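Visitor: I am new here. Could you show me around this molecule, one stop at a time?

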Amino acid sequence: AAFAAPYITFKISPHVAGESPYPIATAFLLGIFSILCLSLRHSRKYDERYTEIPYATKALPLVGHAISYKSDPVSFLLSQPFPIFRVNFASRRMIVIRGDAVAASSIARAPESAMSARQAVEEVGFGKMLGMRNVHSGTQLHKRLLKDKMLGKKWGWARRCLRTALVEAMDVETLGKGAGATVQVPDLLHLVRRVVLRASLCVYVGKNIVVNGNDGLLDDMMIFQDAVENATATGAVLPRTIADYACWRPVERKRRTLVIRLAGRLECAWGGSDEDLGPWARSFRETGMGEEEAADLIIGLLFAAHKNPAIGGAQSFLYLMTEGTAEVVEKARRGASARVAFMEGRVEGDDINVGGRADDEILGRIAKETLRLTAHTIGAIRVAQKDFPIPSPHDPKKEYIVRRGETVALSHVPSNLDRHSWGDNSEAFDPHRREWTEPGRWKPDSYKFTTFSHGVHYCPGERIAQEIIENILALLLERGAKIVGDVPPVSFERATLAQRGSYVVVQIRRGQSSRKN
């Protein structure tokens, strides 16, 4: 029919003088269009086994789902009638898998050659903002450094270093804030971020990288990290070309300036003793890496290694104090006293036994429960390198096809809030869940408790992140931190663990100017 249409139209409407030739042109265009439709159908390998992935609801003209998602990401995701659906963020389209463990597993376990994480993070702007060096080699480098320098047989040493560094960082960050036994901090999360960032630089890079007092390098790093988050969130709902010029390139310029500043500190540190260097800096120097290249990688590694644990520590304290029972709070305080006694070196040994093992374990349960409730809305993302089938959740005999070049996002928080998996109180804060109290029987797998992602890109620093969160919670409790005023609601706006909608003012005991560790 497609090939015959022009001929038929020509016969029934021949062109003569004074008559418009448009019917013939129209027929040719219709014929070409029909051919393209047939070709498209053939190129998609149409098969009755395959079914189309539905679009999400609540789309608006021109902007698609961008406004609906940005106004309340969790409600948008949970309100969708399908576990697998397409979204359109102002012409940026992707497939979202929400709560379907079978489909999520097939994507998460796929190798880079089938589902590329590198291409996905590059396309959301990380290639510009964090640099291609971090996109292509940063993740694998982070895994290798953690495995060789921090975990396994070296975990005991690494844990002691982290605990000591966190105590000292908390002292420094609260010491100079006014006079008196207690100080008022305008934002809890800002304080905890500085503490964790200072400790991370001291442990991973070197003691001489940061200075005591108000080090401007920490401010610059935090400003840069916030800029990456803002640009990622804003760019996700803009056409890519606009996002590139309006969001990503300004952040790229900030990174280049920060690289030069950090490289100067690194050059001075490399001129000192090996004992003062952390495993990252020592490893980079051993391989003959230049200061700027090493600084670029350190910025990317710190972006991955420090901020989410800092958010988790602050949020654990806030959830405990606002939603925890009196019994849980009291038990957590006893556990914090025992933990901090070891962190400050007031008790010999490495195991937590003062105050009872159960009191210390409550810190871990509070941390896990907080991580469950604050997981990323859009977590892991991949770009299909070839047509990739995933099981249809509606019909086991059919499959969805993710086409080559399409982006797939695994949403984390819906699985963590699923009532079928976590019970009717799935959205409540409950550190006594059987998943945490009886891990031998009920420990959730990474598709039920998704905060640390899953598959080939499961978070390699889970153990370190958990340790940092528990230690921050213990320090805040032991230092008598108190919330001043109202606590803003949880906000899922940024591409991190959920934060708070505004500042949280706290009072906390001042740090000590000297301490025996």
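## A walk through the model

Guide: Strand β4 has a covered face, made of V183 and V185, and an uncovered one, made of T182 and Q184. A strand here is a DSSP run of E with at least two residues, a helix is a run of H or I with at least four residues, and both are numbered from the N terminus. This is a predicted model, in which local features need pLDDT of at least 70, side-chain atom pairs count only at pLDDT 80 or more, and totals for chains, interfaces and linings use all residues. Residues are numbered from 1 along each chain as its sequence is written, and side-chain values use heavy atoms, with hydrogens and water left out.

Visitor: Which order do the three strands of the open sheet have?

Guide: The pairing in this sheet is antiparallel, and two strands pair if DSSP finds at least two bridges between them. The edge strands, each pairing on one side only, are β4 (182-185) and β9 (482-484). From one strand to the next, the twist averages 30 degrees, taken between lines fitted to C-alpha atoms, with angles running from 0 to 180 degrees between N-to-C directions. The order is β4-β12-β9.

Visitor: Which residue in β12 is the bridge partner of Q184?

Guide: Strand β12 covers residues 505-509 and pairs with β4 in the antiparallel sense over four bridges. V185 stands opposite V506 in β12. For Q184, which belongs to the uncovered face of β4, the bridge partner is Q507.

Visitor: Is R193 buried or exposed?

Guide: R193 lies in helix α9, residues 188-205. Leaving aside neighbours within four places in sequence, R193 is in contact (heavy atoms within 4.5 Å) with M222, Q225, D226, H306, K307 and A310. Buried means under 20% relative accessible area, exposed over 50%, and partly exposed in between, with a 1.4 Å probe and protein chains only. At 5% relative accessibility, R193 is therefore buried.

Visitor: How many Å apart in space are T370 and G312, C-alpha to C-alpha?

Guide: T370 sits in helix α16, residues 357-373, and is buried, with a relative accessible area of 1%. Among the residues in contact with T370, leaving aside neighbours within four places in sequence, are G312, Q315 and F429. Although T370 and G312 are 58 residues apart in sequence, their C-alpha atoms are separated in space by 7.1 Å.

Visitor: Which UniProt annotation covers C459?

Guide: C459 is found in the loop between α20 (439-442) and α21 (462-478). With 28% relative accessibility, C459 counts as partly exposed. UniProt positions are given in the numbering used here, feature names are shortened, and annotations may be inferred rather than shown by experiment. The annotation, from an unreviewed UniProt entry, is "binding site".

Visitor: What is the phi of S453, which is not a glycine?

Guide: S453 lies in the loop between α20 and α21. At 9% relative accessibility, S453 counts as buried. The phi of S453 is positive, at about 65 degrees.

Visitor: Where is K58 placed?

Guide: K58 is not a glycine, yet has a positive phi of about 70 degrees. With a relative accessible area of 44%, K58 is partly exposed. Its place is in the loop between α2 (22-43) and α3 (66-71).
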